[in-house]
Amino acid sequence: KKRNAHEPEYIQAVEEVFMSIAPVLEQRPDYVEANILERMTEPERTIIFRVPWVNDKGELVVNRGFRIQFNGARGPYKGGLRFHPTVNLSILKFLGFEQTFKNTLTGRPIGGGKGGSDFDPKGKSDKEIMRFCQSFMTELYRHIGPDVDVPAGDIGVGSREIGFLYGQYKRIRGAYEGGVLTGKHIEYGGSYVRTEATGYGLLYLTKAMFDHHNIPLAGKVAVISGSGNVALYAAQKAIELGLKVVAMSDSSGYVYDAQGIDLPYMIDLKEVKKGRISEYIKTHPHAQYVEGWENIWNVKCDVAFPCATQNDITLEKAEKLVANGVIAVAEGANMPTTNEALEYLKKNGVLITPAKASNAGGVAISSVEMTQNSMRQSLTFEEVDNILKDIMDTIHKDCVEAAAQYGFGYDLVAGANISSFMKVADAMLLQGDY
Ligand code: NDP
């Protein structure tokens, strides 16, 4: 704590994991003797660099770039790049730490990493985005590689940005190394289902949890925060599974549509046109738009899907959700629930799918994309979707078993932490002191 005192998000993420592992440490003195907690909480490597680029007015702008290679015990570092003005070391360390455990839960051979920049893509032209991405990659390329570190997208980094980043990497390296980045377009080495994977995976895990409790998911009312990659495809699968999605948000506010959100319109508005969610009511006058993205949790729902960003559901929001009779909170974003809110929800019997487990579908399919690149092979949409379903079902089973084994009962939060912590710890111990 002392060493990271100025990094509140990072401390929060570490505390959340450590809350679950006391019973494991009691039974595994070898972890304590090997000082595994301190080793695990210090990233293997942190790279910080200057990103100079020229805007459309001809001015030179400087941003800060980061890559954190957090833990490579189980494979090449793997984790997304976030472009958002709030990006700093604390945010990226929390994401890299979480990523290490999440990647382990997928059962695929990947380590954990994260990176990004304080660059704000909002309001920038395509050319500005391209010049920024090219400059960012001009430094990043020397630190990554298909067997070293494989970045992907996250907030502010989608298919367009991955394209620009990959184009620059290829120019510098002078070779096709498709497996160096994931989330690529299908036309140059991407995988089917990667775009949908995080959102779809979230719903597959939520369904597994509802099935386990014999509660039907179809017919339930859902609220989804965010309207980016995760939120849009979570909404798509939710609707397919018979849920009614009544509200979605962006960083300005939320829309409420009692008839159910018109998703094809929303995908076109947010993903294709990159518009604001407030525009929804122009063509859907029966719907309401409310300023302030955090207000979305006032909307009554059975299942809450926070899919925007960290610390979205605070204690106050959790109290509101419980008062409105929420059955489950299914985390699509990383660390969207504060630790106090999490405790409160658990105490009130709300079912929770923790982000580490429930948003692992994206990175799982990224890893499947890496495999296809190495094998020069392309799987069909259906094949990849079946792999995703299997992985999410296995994650649910592993979390249920790990929690039960250490006396937590049905607790996916504890199960996800214990199962992944032990696997990372074992891989580290097997490789000596490092
Ligand atoms: P996007 O950039 O595609 O979308 C983010 C969405 O959240 C946007 O609608 C954005 O609004 C909204 N938002 C609201 N408040 C904030 C805020 N304070 N900061 C940032 N965004 C805000 O990101 P993704 O959908 O890819 O990621 C969403 C979450 O899911 C993140 O926590 C990410 O780490 C996590 N995640 C993503 C994965 C992926 O495969 N993409 C995989 C696993 C986790 P606006 O439109 O106004 O920008």
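**Entry 1: Val-193**

I started at Val-193, which sits in the loop between α7 (159–173) and α8. Helices here are DSSP runs (H or I, at least four residues), strands likewise (E, at least two), and both are numbered from the N terminus. I am working on a predicted model, where local features need pLDDT of at least 70, side-chain atom pairs count only at pLDDT 80 or more, and totals for chains, interfaces and linings use all residues. Residues are numbered from 1 along each chain as its sequence is written.

The phi of Val-193 is near 75°, a positive value in a residue other than glycine. I also looked up its burial: Val-193 is buried, with 25 other C-beta atoms within 10 Å. Buried means 20 or more other C-beta atoms within 10 Å of the residue's own, exposed means 12 or fewer, and partly exposed is in between, with C-beta atoms placed from the backbone.

**Entry 2: Met-335**

Met-335 has a positive phi of about 45° although it is not a glycine. I found Met-335 in the loop between β11 (328–330) and α13 (339–347). Met-335 is buried, as 25 other C-beta atoms lie within 10 Å.

**Entry 3: α8 and its partners**

Next I took helix α8 (residues 194–212) against helix α16 (residues 381–405): their axes come within 9 Å and cross at roughly 45°. Axes are lines fitted to C-alpha atoms, for helices over the stretch in contact, and angles run from 0 to 180 degrees between N-to-C directions. I put α8 and α16 down as oblique to each other. The cut-offs are under 35 degrees for roughly parallel, over 145 for roughly antiparallel, 65 to 115 for roughly perpendicular, and oblique for the rest.

By class, the contact of α8 with α16 has 9 nonpolar, 2 polar and 2 charged residues. Nonpolar covers Ala, Val, Leu, Ile, Met, Phe, Trp, Tyr, Cys and Pro, charged covers Asp, Glu, Lys and Arg, and the others, Gly among them, are polar.

Then I checked α8 against helix α9 (residues 229–240), where the axes come within 7 Å and cross at roughly 55°. That makes this pair oblique too. The contact of α8 with α9 has 8 nonpolar, 5 polar and 2 charged residues.

**Entry 4: annotated positions**

UniProt, in an unreviewed entry, lists Lys-114 as "active site". Its positions follow the numbering used here, feature names are shortened, and annotations may be inferred rather than shown by experiment. I see Lys-114 in strand β4 (residues 112–117), buried, with 31 other C-beta atoms within 10 Å. Beyond four places in sequence, Lys-114 is in contact with residues including Phe-70, Gly-79 and Gln-99; contact means C-beta atoms, placed from the backbone, within 7 Å.

The "binding site" positions in the unreviewed UniProt entry include Lys-78, Gln-99 and Ser-366. Which residues does Lys-78 touch, not counting those up to four places away in sequence? Among them are Asn-103, Val-150 and Ser-366. Lys-78 is in strand β3 (residues 77–83), and Ser-366 lies in helix α15 (residues 360–375). Lys-78 is buried, with 29 other C-beta atoms within 10 Å. Ser-366 is buried, with 29 other C-beta atoms within 10 Å.

Note on methods: Two residues are in contact if their C-beta atoms, placed from the backbone, lie within 7 Å.
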